[in-house]
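Good morning, and thank you for making time for this presentation. Please keep the sequence and the structure in view while I speak.

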Amino acid sequence: MISTSGSPYFQATLAVAFKNAKQFEQAKDACLREAVAHENNRALFHAAKAYEQAGMMLKEMQKLPEAVQLIEKASMMYLENGTPDTAAMALERAGKLIENVDPEKAVQLYQQTANVFENEERLRQAVELLGKASRLLVRGRRFDEAALSIQKEKNIYKEIENYPTCYKKTIAQVLVHLHRNDYVAAERCVRESYSIPGFSGSEDCAALEQLLEGYDQQDQDQVSEVCSSPLFKYMDNDYAKLGLSLVVPGGGIKKKSPATPQAKPESGATATAAEEEEDEYSGGLC
């Protein structure tokens, strides 16, 4: 049980001293004592900061799930205190900590962060966090969830009138739907995007129409050609990989390579063949 003795400021001083000495377990305990003392004084913001610092000590000890748990607790207290920006930054920090260990948890944290920013009408920050969540979902091949997440991104980009990025999100959507083997949903994404200003005359639109045509006709060569074009190759790495690994249903058909012309026999060989033919029939028919 964490002791509440001593002032929170004394505990904060202890925490710094332990941290500088790289005694992270003791530093974490001092931060927790500081947090409890601040809570008892109803100083929520300072309590949240102390919980977040305790989480960072756990991070130094490579106890990442426990670290994230404390940082989440801090973010909830920031929200209660009326400081949503600080809450969002804490959640994003937690997502970065856990991303390589538990991508599913990181997705949840990024989505929570996006919700906080969206509630504050900070749409650019919200959509950036949704993008991180979408890429992690794609990386984990959770395509159904990824499709919904990308659609949410696209809606926000449309709302803030960033139309060229909407085009890129349509490409991402189509790739995800085709990996779900859902041609109808992919085609619908393109069809609905015609209402976005400038889309119908863009190179993105032309490439997607060509991609869908190749996929529908099971023409693997056409699909591979589109997906290896610079437009697709220079997307975010997770989407570029989707394009390069896309296979049409049934393995597809390959375009026939042009037949190799047969070499003409040299004149000497022709003459020899003719002579042999003449010898064969020189005795007449039997």
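Which residues does proline 197 touch, not counting residues up to four places away in sequence? Proline 197 touches Tyr163 and Tyr167, where contact means heavy atoms within 4.5 Å.

Before I continue, a word on the source. This is a predicted model, in which local features need pLDDT of at least 70 and side-chain atom pairs count only at pLDDT 80 or more, while totals for chains, interfaces and linings use all residues. Residues are numbered from 1 along each chain as its sequence is written, and side-chain values use heavy atoms, with hydrogens and water left out.

Let me now describe the chain in general. It contains 15 helices and zero strands; helices (H or I, at least four residues) and strands (E, at least two) are DSSP runs, numbered from the N terminus. Of the 286 residues in the chain, 42% are buried. Buried means under 20% relative accessible area, exposed means over 50%, and partly exposed lies in between, with a 1.4 Å probe and protein chains only. The accessible surface of the chain is about 16,100 Å², and 49% of that surface belongs to carbon and sulfur atoms. These areas come from the Shrake-Rupley method with a 1.4 Å probe; for residues, only the protein chains shown count as cover. Among contacts between residues at least 6 apart in sequence, 57% join residues at least 24 apart.

I return to proline 197. This residue is in the loop between helix H10 (183-193) and helix H11 (203-216). Its relative accessible area is 43%, so proline 197 is partly exposed. Proline 197 and lysine 158 are 39 residues apart in sequence, and their C-alpha atoms are 9.6 Å apart in space.

Next, two pairs of helices. At what angle do helix H3 (residues 44-60) and helix H4 (residues 64-80) pack? The angle is about 165°, and the axes are 8 Å apart. Axes here are lines fitted to C-alpha atoms, for helices over the stretch in contact, and angles run from 0 to 180 degrees between N-to-C directions. H3 is therefore roughly antiparallel to H4; angles under 35 degrees count as roughly parallel, over 145 as roughly antiparallel, 65 to 115 as roughly perpendicular and the rest as oblique. The crossing of H3 and H4 is left-handed, a term used if the near helix is turned anticlockwise from the far one by less than a right angle, with right-handed used if clockwise. Among the residues that meet are Leu44, Phe45 and Tyr51 in H3, and Leu64, Leu70 and Tyr78 in H4. The residues of this contact divide into 15 nonpolar, one polar and six charged. Ala, Val, Leu, Ile, Met, Phe, Trp, Tyr, Cys and Pro count as nonpolar, Asp, Glu, Lys and Arg as charged, and the others, Gly among them, as polar.

The second pair is helix H7 (residues 123-139) and H8, whose axes come within 9 Å and cross at roughly 160°. H7 is therefore roughly antiparallel to H8, and the crossing of H7 and H8 is left-handed. The residues of the contact of H7 with H8 divide into eleven nonpolar, three polar and four charged.

Now to individual charged residues within helices. Is lysine 169 buried or exposed? Lysine 169 counts as buried because its relative accessibility is 9%. This lysine is found in helix H9 and touches Ile150, Glu153, Lys154 and Tyr157, not counting residues up to four places away in sequence. Lysine 28, in helix H2 (residues 24-40), is also buried, with a relative accessible area of 13%. Leaving aside neighbours within four places in sequence, lysine 28 is in contact with Ala54, Met57 and Leu58. Glutamate 118, by contrast, lies in helix H6 (residues 103-119) and counts as partly exposed at 28% relative accessibility.

Finally, a point on the backbone. Most residues other than glycine have a negative phi. Lysine 22 has a positive phi, near 60°; this residue lies in the loop between helix H1 (8-20) and H2 and counts as exposed at 63% relative accessibility. Glutamate 161 also has a positive phi, near 65°. Its place is the loop between helix H8 (143-159) and helix H9 (163-179), and glutamate 161 is exposed, with a relative accessible area of 55%.
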